[in-house]
Amino acid sequence: MIRFRLGLADLAATSFAYSPLQETVLSLRIWGPHSSRMPHMRNAFADARPAFEQLDHELLTALVARRRYWVPDLLTPRPAVPAPGIRAELAALRATDPALLGPDLEQTFAPLGEPVPPRLAAGLRDPAGLLADIADALESYWNVCLLPLWPRLRSLLEADLAHRARVLAEHGAGLLFTGISERLTWQDGILSIHRRGPWASTTDDIPIDGRRLLLTPSCFVDGVSTMLGRDAPPHIVYTARGTALLTERHEPTAPHALEGLLGRPRARLLALLTEPATTTELAHRLNVTPAAVSQHLSALAAARLLDRTRHGRHVHYRLSPLGSALHHAQNDTPPAGP
């Protein structure tokens with residue numbers, strides 16, 4: 001078990017962010033022996049396998065430990081801003097001190113009883129060259145495999161952040177943390193991660209001490225995880241909500257009465273918007289153009305059936321109290337609580 005000790009100021013400074021570089025590195029798990037744990041992601045990346053095989057896939061897959069698919073801390077640093085760009089994160093990775101790479105690889109593989117993979121061990125004769133090769137391979141992998149899916153992935157991550165902010169504002173830290181994972185508990189200023197498998201005993205009690213705890217959703221983790229190094233900035237990565245919807249395209253069902261009132265396209269949108277979503281995400285799920293979705297969303301928002309929330313350059317839509325009441329009335333179910 002790992003315990004983060006948060007004072008009142010630490011709790012107030014706790015924040016959320018997402019990271020394209022983190023998603024790039026963590027998605028490498030899909031290509032290894034653990035892919036069965038994320039079947040929806042495996043399906044989403046199926047078409048990319050031929051292109052992946054043309055990359056330096058030996059180097060890329062060597063970055064993931066086989067027993068528990070840990071990855072080096074150096075490759076998944078805390079994002080410096082809430083929504084960084086991949087280019088800035090890759091630039092920061094390239095500027096990292098190469099001397100840190102060897103110890104970081106040992107820290108990743110040794111506790112699991114695994115040797116550093118031969119491709120990486122050989123590269124450590126020239127740490128600066130190996131770091132450059134890793135950054136180049138990750139950039140190529142991003143461009144080929146992640147970039148086509150990034151609008152959908154980013155939409156899921158931003159929707160998760162909007163949801164967590166709402167839970168924190170309406171229900172407080174206790175429900176925020178326990179809602180992230182059943183393996184998180186919050187009591188008396190201590191946030192505990194209940195982990196399975198090997199973990200160094202010296203890392204079980206970590207004071208935040210003004211270093212600002214950061215929580216980061218990911219589409220490529222199973223549960224919750226944190227940095228391997230005790231002295232690393234406090235950072236918890238957890239499963240983003242809705243990742244199973246990444247490849248989903250279906251006809252949402254809407255009551256006939258609601259279709260008669262609003263028309264079929266708008267009734268279908270209401271059926272989907274019980275959770276926040278962007279125009280791009282809705283268009284993907286309905287297999288229509290974003291322009292078509294945008295027109296209907298504007299009409300529903302003008303009728304006060306939807307609320308809009310802007311996160312950076314993106315707008316998330318969700319049912320307003322009036323839209324929720326209408327939706328649930330037609331389904332004969334009571335509206336959900338806040």
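α13 crosses α14 in a right-handed way. Keep in mind that this is a predicted model. Two packed helices are described by the angle between their axes and the distance between the axes. Here, helix α13 covers residues 264-272, and helix α14 covers residues 279-286. Their angle is about 110°, and their axes are 11 Å apart. Roughly perpendicular runs from 65 to 115 degrees. So α13 and α14 are roughly perpendicular to each other.

Who touches whom? From α13 we have R268, L269 and L272. From α14 we have L282, R285 and L286. Sort the residues of this contact by class: four are nonpolar, two are charged, and none is polar.

Stay on α14. Its next partner on my list is helix α15, residues 290-302. α14 and α15 pack at about 115°, with their axes 9 Å apart. That angle makes α14 roughly perpendicular to α15. The crossing of α14 and α15 is right-handed.

Which residues make this contact? On the α14 side, find T279, L282 and A283. On the α15 side, find P290, V293, S294 and L297. The contact of α14 with α15 has five nonpolar residues and two polar ones, with no charged residue. Look at L282 again. L282 of α14 sits in the contact with α13, and L282 also sits in the contact with α15.

Now go back along the chain. Helix α6 is residues 86-94, and helix α9 is residues 127-146. What is the angle between them? About 165°, with the axes 9 Å apart. Anything over 145 degrees counts as roughly antiparallel. So α6 is roughly antiparallel to α9. The crossing of α6 and α9 is right-handed.

α6 brings I86, R87, L90, L93 and R94. α9 brings L131, A135, D136, L138, E139, W142 and N143. The classes in the contact of α6 with α9 are seven nonpolar, one polar and four charged.

Last topic: cavities. How many are there of 30 Å³ or more? Two. The largest cavity holds about 40 Å³ of space. Which residues line the largest cavity? F4, I206, T226, M227, G229, R230, A232, P233, P234 and H235. That lining splits into six nonpolar, three polar and one charged.

Technical notes:
Residues numbered from 1 in each chain as written. Predicted model: local features only at pLDDT ≥ 70, side-chain atom pairs only at ≥ 80, totals over all residues. Heavy atoms only, no water. Axes fitted to C-alpha atoms, helices over the stretch in contact; angles between N-to-C directions. Helix = DSSP H or I, 4+ residues; strand = E, 2+ residues; numbered from the N terminus. Parallel < 35°, antiparallel > 145°, perpendicular 65-115°, else oblique. Left-handed = near helix turned anticlockwise from the far one by under 90°. Contact = heavy atoms within 4.5 Å. Nonpolar A, V, L, I, M, F, W, Y, C, P; charged D, E, K, R; others polar. 1 Å grid on protein atoms, 1.4 Å probe; cavity = no way out; pocket = protein on both sides within 12 Å on 5 of 7 lines; lining within 4 Å. Points joined across faces, edges and corners; volume = space filled by probe spheres on them.
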